[in-house]
Each structure stands twice: as C-alpha cells, then as structure tokens.
Amino acid sequence: MFEKPPVDQVGIRAIAARGFSDRVRVVAGDMFAGSLPNGFDAHLISNVLHDWDVPVVKKILAASFRALSPGGLLVIHDAHLNADKSGPLHVAEYSVMLMHSTEGRCYSTAEMEDYLGQVGFVDPQFRPTLAGRSIISATKPAIPVAADVIPLIFKEIRAD
C-alpha cells in the first residue's frame, strides 16, 4: 500500500488488525512528489483518478508504468463511463458532481484505454464490479518496446 502520511499509519493499523502484516507492506509517500516505489508486480489505483484532470491522470499512469516490473499489472478501480459516454446514468450523474466539486470527472473506458496506451500499457481489459464501479486493467510489456512503436501496437490490439 502506498499512502501519504499520516494516512499510512491508518493503513498499517488496518492491515495488522486483519492479520495481513506478514503479506502487505505500507510504503509512505506522495504520488505527486517523486516516483512511485519500484519492483512491484501489480498496482491498484482505487477511486483516485476521478478526482483529477487529464494531465494529472496521465502523470499518475506514467508513474505507475515506470515503477512496475516488466510484465506488471495495473488495475484501475473507479466509476467509468462506457466508451461512447452515453451512460450508465448513475456514473454520468456522479461525474457531474465531480466536475462541480473537484478537478476531475468520470472517464470513459475509451479515454482510459487511450491514456494507458499513450504511456505504454497494453492489453486493456474492462470488467464491471459492484456499486457502480468497474475495473480497467492493463499490462506493462514484459519485453521493452521502443516508445514510438507502443501507440501502434496498442491501436492494433484495440482494433481486434
């Protein structure tokens, strides 16, 4: 778990109370200052991206890409609009509230796939979950690919 102090201490206590201290580590830090911790096989970004405008979302995704191990998995848990932004209605309503109260909004699946591809992730997958939320996952290629080739590969994957 990567969390800014003093919330990191809340995380440490919650993990210990559930008996997971031997399997889950808390790393203190700020996602806006410096880089994310290296050497992890997966990142879960949960209910975060909807609070931020596009440049910040792309910065967070790029930081995740740089920090993940080759072959690593990024999982974005959030409220996502469908690809053409026509719904679902409850997510659109939530997005309006976010635009009023934060810098962000709910992003569509197509927007997130585009942003993920721009920073180098491949194989985007969408899965609905519960309570109006969904998961978009993508993988950091196990074999490094030249930066100018990544958008072409991603476009071919999306076309299939």
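Reader: What does N47 count as, at 31% relative accessibility?
Author: First, this is a predicted model: local features need pLDDT of at least 70, side-chain atom pairs count only at pLDDT 80 or more, and totals for chains, interfaces and linings use all residues. Residues are numbered from 1 along each chain as its sequence is written, and side-chain values use heavy atoms, with hydrogens and water left out. With a 1.4 Å probe and protein chains only, buried means under 20% relative accessible area, exposed over 50%, and partly exposed in between. N47 has 31%, so it counts as partly exposed.

Reader: Which residues does N47 touch, not counting residues up to four places away in sequence?
Author: N47 sits in the loop between β3 and α2; helices (H or I, at least four residues) and strands (E, at least two) are DSSP runs, numbered from the N terminus. Contact means heavy atoms within 4.5 Å. Leaving out anything up to four places away in sequence, N47 touches H77, D78 and R133.

Reader: How far apart in space are N47 and A79?
Author: Along the sequence, N47 and A79 are 32 residues apart. In space, going C-alpha to C-alpha, the gap between N47 and A79 is 7.6 Å.

Reader: What pattern does the protein follow along the sequence?
Author: You'll find 5 helices and 6 strands in the protein. Read them along the sequence and you get β-α-β-β-α-β-α-α-β-β-α.

Reader: Which element gives the largest share of the lining of the largest pocket?
Author: On a 1 Å grid over the protein atoms alone, a pocket is an open set of points where a 1.4 Å probe fits, with protein on both sides within 12 Å along at least five of seven lines, and lining residues have an atom within 4 Å of a point. The largest pocket is lined by 25 residues, with M1, F2, E3, L44 and I45 nearest its centre. At least two lining residues come from each of β1 (2-3), β3 (40-46) and α2 (54-67). The largest share, 6 residues, comes from β3.

Reader: Which residues of α3 are buried, and where do they fall?
Author: Helix α3 (residues 89-101) has 13 residues, and L89, V96 and H100 are exposed on its other side. V91, S95 and L98 are the buried ones. Seen down the axis of α3, the buried residues fall within an arc of 60° (taken from the directions from the axis to the C-beta atoms), so they line one face of the helix.

Reader: What is omega near for the peptide bond from G87 to P88?
Author: Most peptide bonds are trans. The bond from P5 to P6 is cis, with omega near 5°, and P6 lies in the loop between β1 and α1 (7-17). P88 is in the loop between β4 (68-78) and α3. The bond from G87 to P88 is cis too, with omega near 0°.

Reader: What does A131 count as, at 73% relative accessibility?
Author: Most residues other than glycine have a negative phi. K85, in the loop between β4 and α3, has a positive phi near 60° and is partly exposed at 45%. A131 also has a positive phi, about 55°, and lies in the loop between β5 (122-128) and β6 (134-139). At 73% relative accessibility, A131 counts as exposed.

Technical notes. The expected span of a helix is 1.5 Å times one less than its number of residues.
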